[in-house]
Amino acid sequence: MAYVAIADRDHEEHLHDPQTFITKYIWSQDHKVIAIQYSLIAIFVGVVALVLSGMMRLQLAFPDSFDFIVPADYYQFITMHGMIMVIYLLTALFLGGFGNYLIPLMVGSRDMVFPFMNMLSVWVYLLSVIILLASFFVTGGPTGAGWTLYPPQAILEGTPGATNSGTSWGILLMLVSLAVFIVAFTMGGLNYVTTVLQARCNGMTLMRMPLSVWGIFIATILGLLAFPALLVSAIMMALDSLIGTSFFMPAILEAGEQTEYGGGSPVLFQHLFWFFGHPEVYIVALPAFGLVSDILACHARKNIFGYRQMVWAIVAIGGLSFIVWAHHMYVSGMNPYFGFFFATTTLIIAVPTAIKVYNWILTLYQGNIHLRVPMLFCIGFIFTFIHGGLTGLFLGNVVVDLPLSDTYFVVGHFHMVMGVSPVLVVFAAIYHWYPKISGKMYNETLGKWHFWLTFLGTYSIYLPMHYLGILGLPRRYYSYGDTAFIPDSAQSMNVGITYAALIVAVVQILFFINMFWSTFKGKKSEPNPWGATTLEWQTEKHPPEHGNWGDSLPVVYRWAYDYSVPGEDRDFIPQNEPAAGHAEGFDPENPHDGPHHA
Amino acid sequence: MSIFKTLSEKSWATPRSVSEINPRDISEGLAAKTGLKFFIGVLSSMFFLFCVGYKMRMELSDWVPLQDPNLLWFNTAILVLSSIAMQLAKNAAMAGKIKKVRLYLTAAGGLTIGFLIGQITVWQELLDAGLYQLSSAPLAFFILLTGLHGLHLTGGLFVWARSVYKAWLGMEIERFKLTIELCTTYWHYLMLVWFVFFALLLAT
């Protein structure tokens, strides 16, 4: 295997520039191409999930109006929407997409350390998506067990896609797809962490890394340790389903008859699932935290406030995320002392999270704020994240969670904190790095329309859901019928939410038009249009070519946040610019023979 | 602790003179070794969670402990020997002794294959005894744990096969020394995992 990542151009034999269309764009080992492949697949499957949510909203607003949405469909839409959005869109996009594109460029390496494995990762990911989507076309359709796939209902007759109901394949395809995804993620994840640890250029100490890299790095470690829990539960559930083991299945009646199962523990599945499921929240959130930090600092022309705190907070959140999982299981019943423990750890994790929010706001304070599209999306994120975070404090407490857990309050909360918030960051990051990726500028006006309609639209969707939840409106229901405690106004609100959801969904077309049109017709961008300090904007070629850095790797002399440094002519100093008096730079071959010593 | 020292660096104030930038110590094997460490982390997480699942499941009322087959002791001895052989192969590779590398490397792989055959024999014995159904939780867990352990050893054998092929082909040791080093770490790790599984089975 060629160690392209850390080779200088002198070592020509280590470089293998792709020559043909196939090796350049299809079986590519270039991290930038792989990043785009990952992103395109993730966005495609995300659009599928978006359409599913639109269908759910139509059903909720206008029950009994659509013949093509029967209860089984509704539960299949819920399940596939949730799983796709969390795993196949957000995880893949943040780590496979942004992780792949940004890590080597930001730490100053030529590529990932294991490029072949990186290429395999994206193709195995595609395979997992194909398996998942195949479940739409098999008998019985995809599983309708909910994205948490809780047994026993996930594999018992009556649940759409359950194995026991004749020849249905839904749940099995879901489990196989997840297992394949985890293999793909592991191959990519090993690359990301190893590249960060072993392929940084000279001068790039860990604490000089941009926060984007820190966020992706720690999120990847979380993923590497947490995804095995999902794999373990998927394997055991597949065996319960296929050969009748009883890992999770208790003695139970199915359609009035005693099943062959007995003795298993559904709660064991829940523990395993949420041991993965909660870190998963931070697998999505930590990269978002990092990206926001870098974009905010750049467009506010100010160094990030409290860089070390930000790094420590990322590490602390990562560690704490492994000891809060059971707050998802309060309603399953548990020893009150456990409940107390998990409520306490949940509240503790709010401390480093709050530090990050304060630091973002203090970064903006007295900054030279440029309200460009990426910045707007970042500021929007701060709003939605504070909102979603605060409602999380409610739900972290056992006594408050119990009455709210099965209501729309939870739907509003988690969509705000890990749906809308990361998606706003995704848009911010795409707009911010679009000039680097494509070499073109996007249309600013269209981008602003996209932001305002998306931001206000999503608020119109999820803010009212909190009121519905406090009213007691249960989630997961296909339709509410004549239910005494649900007033007519709740239905009116549901209709309003649906209109907002459909508008937000349609508005995303503006984004696609902007990206597509700008790629071909957009104005050519400067190599560093935002005046950013980080290495990816300092590449020799724009957009960067295979190998990223021309003949020799960059050398880093400073941290990533030298914006508006007093006494300097420009309001930014790139990381690879030597300090004054050392203009000759650094010779890696003779590290102690620089001008300082001369 | 260097990690605390690293994380407390004041990067905005650290010296920026060129003379104080230390060149990074990059050797070819470092990335592969780091990658393997993280992979072992992933596997540890998975095996640990299986053990937790095993422990939680066995506390439920229908659990009947397995009778531990004596063959497992024999299998364990073979696995230990394969790990020792792998270590000797690594030592020989470091010393540049190709004949010993061939001998120990081949022995390590052969013993590993012997271990896998032994494990399959245990499965057969347990199923033939008729005391347990395949779907019963203790047997299913046993087969699952030993099966996954064996699967990972089989994966290791693919990498081993490349080294043994190169060794017998007469390639320079330098060209596959790193692979032997990585295999040795992996073999030792999977031996430890087996010790934990075996102890868990004996204790229950």
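I began with the contacts of chain A in this predicted model, and among those between residues at least 6 apart in sequence, I found that 79% join residues at least 24 apart.

**Overall form of chain A.** I then looked up how chain A is built, and I noted 14 helices and two strands. For its extent, I read that the C-alpha trace spans about 90 × 50 × 50 Å along its principal axes. I also checked the radius of gyration: a compact globule with 598 residues would have a value near 25 Å, and chain A has 25 Å, so the two agree.

**The nonpolar core.** Next I asked which residues touch the most other members of the largest nonpolar core. In this core of 234 residues, they are V213(A), V292(A), F377(A), A428(A) and A89(B). Helix α3 of chain A, which covers residues 71-107, gives the most to this core, with 24 residues.

**Backbone details.** I looked for cis peptide bonds and recorded one that joins P151(A) and P152(A), with omega of about 5°; P152(A) is found in the loop between α4 (115-134) and α5 (170-198) of chain A. Another cis peptide bond joins H542(A) and P543(A), with omega of about -5°, and P543(A) is found in the segment after α14 (488-521) of chain A.

D64(A) has a phi of about 65° and is found in the loop between α2 (31-61) and α3 of chain A. N548(A) likewise has a phi of about 65°, and N548(A) lies in the segment after α14 of chain A.

Is D64(A) buried or exposed? I read that D64(A) has 9 C-beta neighbours inside 10 Å and therefore counts as exposed, because the cut-off for exposed is 12 or fewer. N548(A) has 24 C-beta neighbours inside 10 Å, so N548(A) counts as buried, the cut-off for buried being 20 or more.

**Confidence.** Last, I looked up the scores, and I wrote down ipTM 0.93 and pTM 0.94 for the model. Chain B averages a pLDDT of 90, and 92% of the residues score at least 70. Among the elements of chain B, helix α1 (residues 2-7) has the lowest mean pLDDT, at 84, whereas helix α3 (residues 71-95) has the highest, at 97.

How values were computed
Residues numbered from 1 in each chain as written. Chains lettered and ligands numbered in written order. Predicted model: local features only at pLDDT ≥ 70, side-chain atom pairs only at ≥ 80, totals over all residues. Core = buried A, V, L, I, M, F, W, Y, C linked by C-beta atoms within 7 Å. Helix = DSSP H or I, 4+ residues; strand = E, 2+ residues; numbered from the N terminus. Rg over C-alpha atoms; globule rule 2.2 N^0.38 Å. Contact = placed C-beta atoms within 7 Å. pLDDT = per-residue confidence, 0-100.
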